[in-house]
Amino acid sequence: MQSLVSIVIPSFNSELLIRFDNEKLESFHTDKRGYIESDSRVGASQFTYLIDKFKKHKRVYIRAHNGYESTFTLKGSSK
């Protein structure tokens, strides 16, 4: 079964700050389409790292460059 993660970003080529549980904030960048790029070796590695974090933690906080922010549970994301 393939899973899909989609986060609507209000701007392209921007930065996302992401915190899993109570860990430190980590920076991720979106491409010109507004996606976290995964079609290069470096991008694929970063994308895989991010998906693994989604599977291992209980909640995530995301803040976009424009100040929009959200916290949500990751219950069931390890499946």
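Tutor: Read along the sequence, this predicted model follows the pattern β-β-α-β-β, and its chain therefore has one helix and four strands in the sense that DSSP runs define them. The four strands form an open sheet, in which the order is 2-1-3-4 and the pairing is antiparallel. Strand 2 (26-29) and strand 4 (69-73) stand at the edges with a single partner strand each, so one side of each has no neighbour in the sheet. From one strand to the next, the twist averages 25°.

Let us now look at the pairings that involve strand 3. Strand 1, made of residues 15-20, and strand 3, made of residues 59-64, run antiparallel and are joined by five bridges; within this pair, Arg19 stands opposite Tyr61 of strand 3. Helix 1, which covers residues 41-56, packs on the sheet and touches strand 1, strand 2, strand 3 and strand 4, while its direction makes about 130° with that of strand 2. Strand 3 also pairs with strand 4, again in the antiparallel sense and over five bridges, and here Val60 has Phe72 in strand 4 as its bridge partner. These two strands, strand 3 and strand 4, form a hairpin with four residues between them, and in the turn Gly67 has a positive phi of about 95°.

The largest nonpolar core has eleven residues, among them Leu16, Ile18 and Phe20, together with Phe28, Leu50, Phe54, Val60 and Ile62. Strand 1, helix 1 and strand 3 are the elements that give two or more residues to this core. As a general background, nonpolar side chains in soluble globular proteins tend to be buried together.

Leaving aside neighbours within four places in sequence, Ile18 is in contact with Lys24, Leu25, Glu26, Phe28, Leu50, Val60, Tyr61 and Ile62.

Buried residues make up 29% of its 79 residues, and, among contacts with a separation of 6 or more, 34% are between residues 24 or more positions apart. The accessible surface comes to about 5,900 Å², and 52% of it belongs to carbon and sulfur atoms.

Terms used: Residues are numbered from 1 along each chain as its sequence is written. This is a predicted model: local features need pLDDT of at least 70, side-chain atom pairs count only at pLDDT 80 or more; totals for chains, interfaces and linings use all residues. Side-chain values use heavy atoms; hydrogens and water are left out. Two strands pair if DSSP finds at least two bridges between them. Axes are lines fitted to C-alpha atoms, for helices over the stretch in contact, and angles run from 0 to 180 degrees between N-to-C directions. Contact means heavy atoms within 4.5 Å. Buried means under 20% relative accessible area, exposed over 50%, partly exposed in between (1.4 Å probe, protein chains only). Accessible areas come from the Shrake-Rupley method with a 1.4 Å probe; for residues, only the protein chains shown count as cover. A nonpolar core is a set of buried Ala, Val, Leu, Ile, Met, Phe, Trp, Tyr and Cys residues joined through side-chain atoms within 4.5 Å.
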